[in-house]
Amino acid sequence: MKLTPKQKKFADEYIKTGNATQSAIEAGYSKKTAQVIGAENLSKPMVKSYIEERMVEIASKRVMSYTEAVELLTSIARGEEKETVVVATPVSVEKVEKEADLKTRISALKEILKRYPNNDKLIEQQIRKLSAQADVAQIQAKRMADGEQNSSVNVNIVLPEQEDNNGE
């Protein structure tokens, strides 16, 4: 059995967006029935097979793997990933590399932890740690702006030990 033109269009749109309802609408199905049709199409073996084949075809080094995505999110959450921002000074404009802001780091952390069930305590601990680090960074920035010579703040943030999964 072959896919109908609408099913093929649906599958191609689904590969692009990951949204079954919107893909059904784009493929020409009625907006009223798009949600149901989208779910039905995804359950059909021929449509699933077509989507899987197409995903294999487009997979390459240019497409980020799951592991790569989680590694990038991890480096953002840890503040290891830097971004270049333009900062105006009284004399000129400079490009400066900085860590992701707290909101971005927390968002990355939440994305990572979605993949691990039952980690509510870990989420809370990591958010507290990131918030404390952000507070320290704000104090350092204020001290630097006030012209203090030694603008470093020494804070050691320790989180409670995590129980390992072996129950030890």
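Tutor: Let's take the labels one at a time, starting with where the values come from. This is a predicted model, where local features need pLDDT of at least 70, side-chain atom pairs count only at pLDDT 80 or more, and totals for chains, interfaces and linings use all residues. Residues are numbered from 1 along each chain as its sequence is written, and side-chain values use heavy atoms, with hydrogens and water left out.

Student: What makes up the chain in terms of helices and strands?

Tutor: It has seven helices and two strands. The order along the sequence is α-α-α-α-α-β-β-α-α.

Student: Which residues is Glu13 in contact with, leaving aside its neighbours within four places in sequence?

Tutor: Those are Gly18, Ser23 and Glu26. Contact here means heavy atoms within 4.5 Å.

Student: How do you know how α1 and α3 are oriented to each other?

Tutor: Look at the axes, which are lines fitted to C-alpha atoms, for helices over the stretch in contact, with angles from 0 to 180 degrees between N-to-C directions. Those of α1 (residues 5-17) and α3 (residues 34-43) cross at roughly 90° and come within 11 Å. Under 35 degrees is roughly parallel, over 145 roughly antiparallel, 65 to 115 roughly perpendicular, and the rest oblique. So α1 and α3 are roughly perpendicular. Gln7, Phe10 and Tyr14 of α1 meet Gly38, Asn41 and Leu42 of α3.

Student: And what about α3 and α4?

Tutor: Their axes come within 5 Å and cross at roughly 75°, with α4 covering residues 45-58. That angle therefore makes α3 roughly perpendicular to α4. On the α3 side, Asn41, Leu42 and Ser43 make the contact, and on the α4 side Pro45, Val47, Lys48 and Ile51.

Student: How confident is the predictor, going by pLDDT?

Tutor: pLDDT is the predictor's confidence in each residue, from 0 to 100. The chain averages 80, and 80% of the residues score at least 70. Over residues 161-168, though, pLDDT stays under 50, and the model has two contacts beyond four places in sequence for them.

Methods
Helices (H or I, at least four residues) and strands (E, at least two) are DSSP runs, numbered from the N terminus.
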